Amino acid sequence: MLTEPSPNQNKKDLSVSMLAANLYSIPIVLLVSAFTVTPFLLIWGMKPFRTGFNEFSNLFVFIPAVLIGVVLHEIIHAVSWKYLGRKSWDTIKIGFQWETITPYAHCSEPVNVKVYRAGTIAPVIILGFIPVLIATISGNGWLMTFGFLFTVAAGGDFLILWLIRKVNSDYLIEDHPERAGCYVLEKISGDNSEIIDKINQ
């Protein structure tokens, strides 16, 4: 695992604690949720959404759906970083931080920022946006509830994308092993080097 920058790199920590990530992501989640649920309600009204929500709330449905969804969420992160970043499985770890009740996927080697962004957003596209889109077209309240839930569950991922929004597309990203976020590794090239603190400007 790369923990210190090499002589020709600057290293910037863009991360927050898991607990802070859960708190900071709340306004992002509210905004995104409004955009996912509102079209469904405008087209189909409350009745199908309420029916689907009630069906999904059945413990025999809710518990397995959530458990499977959470596991898939982290697997999608891991698979995306592995294949898009061309990493070995030895560099990928999936786990659970019990202190904050937060599952996580971690890649121990740096990847290009484009790969990191793609791997970060992939779960919410597959488990959130696509089910929401299908539900909005079909009027399926159960699928809408599922997609909404896993859009909300991606609040931490949206926060990470916000944290790295100004990172140059040529930089490398090293996933933080314990916190929500990452290290940015900026290569220094003679007089063309940039100060990585610009990221936070």
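Okay, let's start in the middle: the largest nonpolar core has 17 residues, and W81, Y116, I164, V167, I173 and V184 touch the most other members. By nonpolar core I mean buried Ala, Val, Leu, Ile, Met, Phe, Trp, Tyr and Cys residues joined through side-chain atoms within 4.5 Å, with buried being under 20% relative accessible area (1.4 Å probe, protein chains only). The elements giving two or more residues are α3, β3, α4 and β6, and α4 gives the most, with three. Helices and strands here are DSSP runs: H or I of at least four residues, E of at least two, numbered from the N terminus.

Quick caveat: this is a predicted model, where local features need pLDDT of at least 70 and side-chain atom pairs 80 or more, while totals for chains, interfaces and linings use all residues. Residues are numbered from 1 along each chain as its sequence is written, and side-chain values use heavy atoms, leaving out hydrogens and water.

Next, α5, residues 141-152. Its buried residues are G141, M144, T145, F146, G147, F150 and T151. What covers them? Among others, α1, α2, α3, α4 and α6.

Now, α6 also holds D157. That one is buried yet has no salt bridge, and R117, the nearest side chain of opposite charge, is 13 Å away. A salt bridge here needs a side-chain nitrogen of Lys or Arg within 4 Å of a carboxyl oxygen of Asp or Glu; for charge, Lys and Arg are positive, Asp and Glu negative, and His and the chain ends aren't counted. Leaving aside residues up to four places away in sequence, D157 touches H73, H77 and T120, contact being heavy atoms within 4.5 Å.

How values were computed:
Buried < 20%, exposed > 50% of the residue type's maximum accessible area, 1.4 Å probe, protein only. Expected span 1.5 Å × (residues − 1).
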